[in-house]
Amino acid sequence: GGLGDVLGGLPPAMAANGHRVMTISPRYDQYKDAWDTEVTVELKVGDKTETVRFFHCYKRGVDRVFVDHPLFLGKVWGKTASKVYGPVAGVDFKDNQLRFSLLCQAALKAPRVLNLNSSKYFSGPYGEEVVFIANDWHTALLPCYLKAIYKPKGIYYTAKVAFCIHNTAYQGRFAFADFALLNLPDDFKSPFDFIDGYDKPVKGRKINWMKAGILESDKVLTVSPYYAEELVSAVEKGVELDNIIRQTGIFGIVNGMDVQEWNPLTDKYTTVKYDASTVADAKLLLKEALQAEVGLPVDKDIPVIGCIGRLEE
């Protein structure tokens, strides 16, 4: 959804401004252009030690890095009909906390262990002088591991974390007993501690990943100035995190758009291409083609309104 658009379009825009940019995502599929770096790291996840490998491709100035582990690949590859977060809508995979703990820990390793030389401007590992941008609840453990594991050893001493909220309705609420799975010191219990009136996944006291991500990061961001206002305007708008967000402050930056991908002159999905000078004629033709394709009356004078969004309670 929106997060996918941002991760597709924002990093090349940042690279074009001269930054060295890496994105780190789970390897959910056999991405044909991402190659095995053969770099592996061992991570403690729950009560086990897991080995992850890093895959990599370089596109539009960005190092695209994928964390390879059966927890990710096995969920999608031929087994669950490409469901990334749960077997059916509204149900989480039982191991989601372990999967995203793995992602957060791998993301902290990648800048130090990957010796990437694709760019003509930059070479070698990224090192420690970095800013991490953690997106949504799945990456909320990153600032916690940074503070618990790395900073006490003097590693990533100047690194900062910006936590970006794309949708505050999904917060990563789990049973309070599950805090033990995360391998964090007890003094992190407080940022995770959360009580709500819902019975899902358990009644009463819970941990809340997004709450911890907000409190432990250096800067909290969201996808528009208006959404930033909305999140602190009422309990239901901030989905019970309005107080926490008010406490840290939040900065809204409008989601941009990838002008290469959304260029109507080169759009592979449309039969008629256009620019600012031909838009008036071309859009009428495209509208008629759409009307015909979906079985509506074909008439250039009837307005067609499209909405991209989720149907959700």
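In α3, the residues S101, C104, Q105, A107, L108, K109 and R112 meet L141, L142, Y145, L146 and Y150 of α4. By class, this contact of α3 with α4 holds eight nonpolar, two polar and two charged residues. The model is predicted. Helix α4 also packs against helix α6.

**α3 against α4**

- Two packed helices are described by the angle between their axes and the distance between the axes.
- Helix α4 spans residues 141–150. Its axis and that of α3 are 9 Å apart, at an angle of about 60 degrees.
- The crossing of α3 and α4 is right-handed.

**α4 against α6**

- Helix α6 covers residues 209–216. It packs with α4 at an angle of about 55 degrees, and the two axes are 7 Å apart.
- So α4 is oblique to α6.
- The crossing of α4 and α6 is left-handed.
- From α4, the contact uses L141, P143, C144 and K147. From α6, it uses W209, A212, G213 and E216.
- These residues divide into five nonpolar, one polar and two charged.

**The largest nonpolar core**

- This core has 59 residues. F54, Y156, L182, L184, F192, W209 and I214 touch the most other members.
- Helix α3, residues 96–113, gives the largest share of the core, with eight residues.
- Which residues does L182 touch, not counting those up to four places away in sequence? They are Q97, L141, Y145, F192, I207 and W209.

- Most residues other than glycine have a negative phi, and most peptide bonds are trans.
- D136 is not a glycine, yet has a positive phi of about 65 degrees.
- D136 sits in the loop between β5 (131–135) and α4.
- Is D136 buried or exposed? With a relative accessible area of 9%, D136 is buried, because buried means under 20%.
- Leaving aside neighbours within four places in sequence, D136 is in contact with L3, F163, C164, I165, H166, N167 and M210.
- D136 and G172 are 36 residues apart in sequence. From C-alpha to C-alpha, they are 9.1 Å apart in space.
- Y156 also is not a glycine and has a positive phi, of about 55 degrees.
- Y156 lies in the loop between α4 and β6 (160–165).
- The relative accessibility of Y156 is 0%, so Y156 counts as buried.
- Y156 is also one of the core residues that touch the most other members.

- What kind of peptide bond joins K200 and P201? The bond is cis, with omega of about -5 degrees.
- P201 is found in the loop between β8 (193–195) and β9 (205–208).

Notes
Residues numbered from 1 in each chain as written. Predicted model: local features only at pLDDT ≥ 70, side-chain atom pairs only at ≥ 80, totals over all residues. Heavy atoms only, no water. Core = buried A, V, L, I, M, F, W, Y, C linked by side-chain atoms within 4.5 Å. Buried < 20%, exposed > 50% of the residue type's maximum accessible area, 1.4 Å probe, protein only. Helix = DSSP H or I, 4+ residues; strand = E, 2+ residues; numbered from the N terminus. Contact = heavy atoms within 4.5 Å. Axes fitted to C-alpha atoms, helices over the stretch in contact; angles between N-to-C directions. Left-handed = near helix turned anticlockwise from the far one by under 90°. Nonpolar A, V, L, I, M, F, W, Y, C, P; charged D, E, K, R; others polar. Parallel < 35°, antiparallel > 145°, perpendicular 65-115°, else oblique.
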